[in-house]
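Me: I have a structure to work through. Can we take it in short steps?

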Amino acid sequence: MITISDVKKVFKTKTGSLTAVDKVNLKIKEGEIFGVIGYSGAGKSTLIRMLNGLEQPSEGKVDINGKLISSIKGGDLRKARQKISMIFQHFNLLWSRTVSENISFPLEIAGVPKQERQKRVNELIELVGLEGRGDAYPAQLSGGQKQRVGIARALANDPEVLLCDEATSALDPQTTDSILELLVDINKRLGLTIVLITHEMHVIRKICHRVAVMEGGKVVELGNVLDVFKQPKENITKRFVQQVTEPEETKDTIEHLLNEYQDGRVIKLTFVGESAEQPVVTNLIRSFDLQVNILQGKISQTQNGAYGSLFIHLHGKQDELDRAIEFLEAASVGVEVITHD
Amino acid sequence: MIEQIFPNVEWPMMWEATYETIYMTLISVVITFILGIALGLLLFLTSKGNLWENKIVYAITTAVVNIFRSIPFIILIVLLIPFTRTLLGTIRGADAALPALIIGAAPFYARMVEIALREIDKGVIEAARSMGAKVSTIVFKVLIPESMPALISGITVTAIALVGYTAMAGVIGAGGLGNLAFLDGFQRSRDDVTLAATIIILIIVFIIQFIGDFFTNKLDKR
């Protein structure tokens with residue numbers, strides 16, 4: 001569907017040149033929700049803008065459904081863009097137009113007759129759940145409603161690809177979730193390929209099938225979301241995964257417990273997919289003469305399955321402890337004995 | 001009562017002068033609005049980082065705008081006498097004032113248009129591009145509608161300046177209230193004529209400001 005091959009983007013600045021995207025290769029499948037995560041300045045914004053030709057790559061090719069976006073120009077590029085929609089962090093609605101008129105705008109660009117436009121706009125308003133707000137102006141809407149208008153506008157011309165440029169970064173957590181649910185719903189209902197960029201792992205976890213992690217213009221890690229959660233390889237990926245699995249206070253708590261219980265073991269268990277549903281802790285308590293103290297736990301749902309982490313403190317005889325750890329390792333859960341750094 | 005305050009005012013002449021002032025203002029405002037928006041768009045589109053980025057065109061347009069904006073209006077009228085004569089065959093009358101009024105006001109307004117266009121969120125232009133919009137579509141469906149309140153308040157300021165310019169244009173025989181106040185009021189020491197002309201000019205200015213504010217508020221949906 002989307003093939004990005006050896007794409008490089010160099011910006012000329014006063015002090016020299018800046019490589020924003022460096023030799024990136026990606027293949028995105030049809031109907032997939034593909035996430036690109038990275039901190040600001042990682043090049044993800046430039047990368048997504050090369051998918052609809054808002055930026056031209058300095059080197060390499062971008063191919064979407066057989067169209068070479070990186071080399072077409074003028075009318076061909078404009079025509080192609082009608083099928084590659086985009087939604088934005090700050091919504092970018094025209095304040096001078098009502099909700100209906102905003103949604104109608106891409107249809108006007110595509111030259112759709114007025115009557116059909118009206119019909120299509122009404123369908124879209126219903127699809128994104130904005131019934132009754134058609135005559136409101138963007139200034140009268142909440143952030144979440146504005147993004148719904150943005151989504152409706154992006155879907156107007158039946159696109160093949162939807163690009164989401166930090167689409168939820170300006171929204172509060174609750175609104176973020178409702179917008180993400182809408183995106184999943186659209187993806188399932190219309191079979192739309194979605195490419196999104198974000199700096200929030202929460203967004204990746206919640207809706208993406210696959211994820212690419214970007215740092216310094218390069219893709220440093222790529223894979224199924226669940227696999228990346230299970231075994232993050234790069235340090236940056238580990239940090240992103242921790243955003244979701246380990247709340248801020250976890251580290252402090254663990255540190256505190258390690259000092260408190262010098263004689264026991266603090267263990268981090270990670271559960272992926274089916275193992276998350278086995279009664280591992282119950283079996284542990286029944287089989288071993290140990291005190292088990294549950295410190296903290298969290299289960300996150302991803303598009304490819306569940307992922308959970310549990311911190312426990314084990315207290316008992318040394319050989320009993322060792323056997324317990326062996327038992328846990330055999331039970332297809334990830335085991336990590338936490339020690340002082 | 002009115003005759004006691006304004007003993008020397010010949011009202012038919014006063015009304016004719018009012019008509020001339022309104023005529024000159026109205027025509028020049030309409031043409032300045034169109035010309036100024038065209039020039040302002042050219043300045044905006046050819047400036048750095050915009051759709052038609054072009055250093056040479058931008059530099060030339062900027063230079064022309066700056067030159068005509070800097071020449072004092074009274075001097076501009078005199079400088080334009082040969083031009084007006086070739087264009088209209090005469091340098092007398094309200095029509096003869098129009099070239100100077102427009103050439104004086106359009107560059108001034110063009111700068112205001114450029115500022116108004118710069119105020120538009122870049123993201124909105126990017127969004128229109130991402131939908132596959134042509135430059136002409138962006139101009140007529142994004143740039144102009146999105147900056148309309150600022151364009152209207154800009155033309156209001158320009159229109160009020162133009163009322164002042166018409167008074168100066170009276171010097172070259174364009175007629176209007178300025179001419180009447182100068183010839184009939186000042187030179188013949190009839191202060192009441194000057195006062196009456198001033199009051200009418202003030203009323204015209206207030207009306208322009210009122211209309212301008214009304215439309216600016218009505219169009220602003222932010």
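Me: Which residues of H3(A) are buried?
Reply: This is a predicted model. A residue counts as buried if 20 or more other C-beta atoms lie within 10 Å of its own. In H3(A), those buried are Val99(A), Ser100(A), Asn102(A), Ile103(A), Ser104(A), Phe105(A), Pro106(A), Leu107(A) and Ile109(A).

Me: Why is helix H3 of chain A described as largely enclosed by the rest of the structure?
Reply: Helix H3 of chain A covers residues 99-109. It is largely enclosed because, of its 11 residues, the number buried is nine.

Me: What covers the buried residues of H3(A)?
Reply: Part of the cover comes from chain A, including helix H4 (114-127) and helix H5 (143-155). Chain B takes part too. From chain B, the cover includes helix H8 (135-169).

Me: How do H2(B) and H3(B) lie to each other, and which hand has their crossing?
Reply: The axes of helix H2 (residues 11-46) and helix H3 (residues 55-70) of chain B come within 9 Å and cross at roughly 140°. Angles over 145 degrees would count as roughly antiparallel. H2(B) and H3(B) are therefore oblique, and their crossing is left-handed.

Me: Which residues of H3(B) does H2(B) meet?
Reply: H2(B) brings Leu39(B), Leu42(B), Leu43(B) and Thr46(B). The residues of this contact of H2(B) with H3(B) divide into six nonpolar, three polar and no charged.

Definitions and conventions
Residues numbered from 1 in each chain as written. Chains lettered and ligands numbered in written order. Predicted model: local features only at pLDDT ≥ 70, side-chain atom pairs only at ≥ 80, totals over all residues. Buried ≥ 20, exposed ≤ 12 C-beta atoms within 10 Å, placed from the backbone. Helix = DSSP H or I, 4+ residues; strand = E, 2+ residues; numbered from the N terminus. Contact = placed C-beta atoms within 7 Å. Axes fitted to C-alpha atoms, helices over the stretch in contact; angles between N-to-C directions. Parallel < 35°, antiparallel > 145°, perpendicular 65-115°, else oblique. Left-handed = near helix turned anticlockwise from the far one by under 90°. Nonpolar A, V, L, I, M, F, W, Y, C, P; charged D, E, K, R; others polar.
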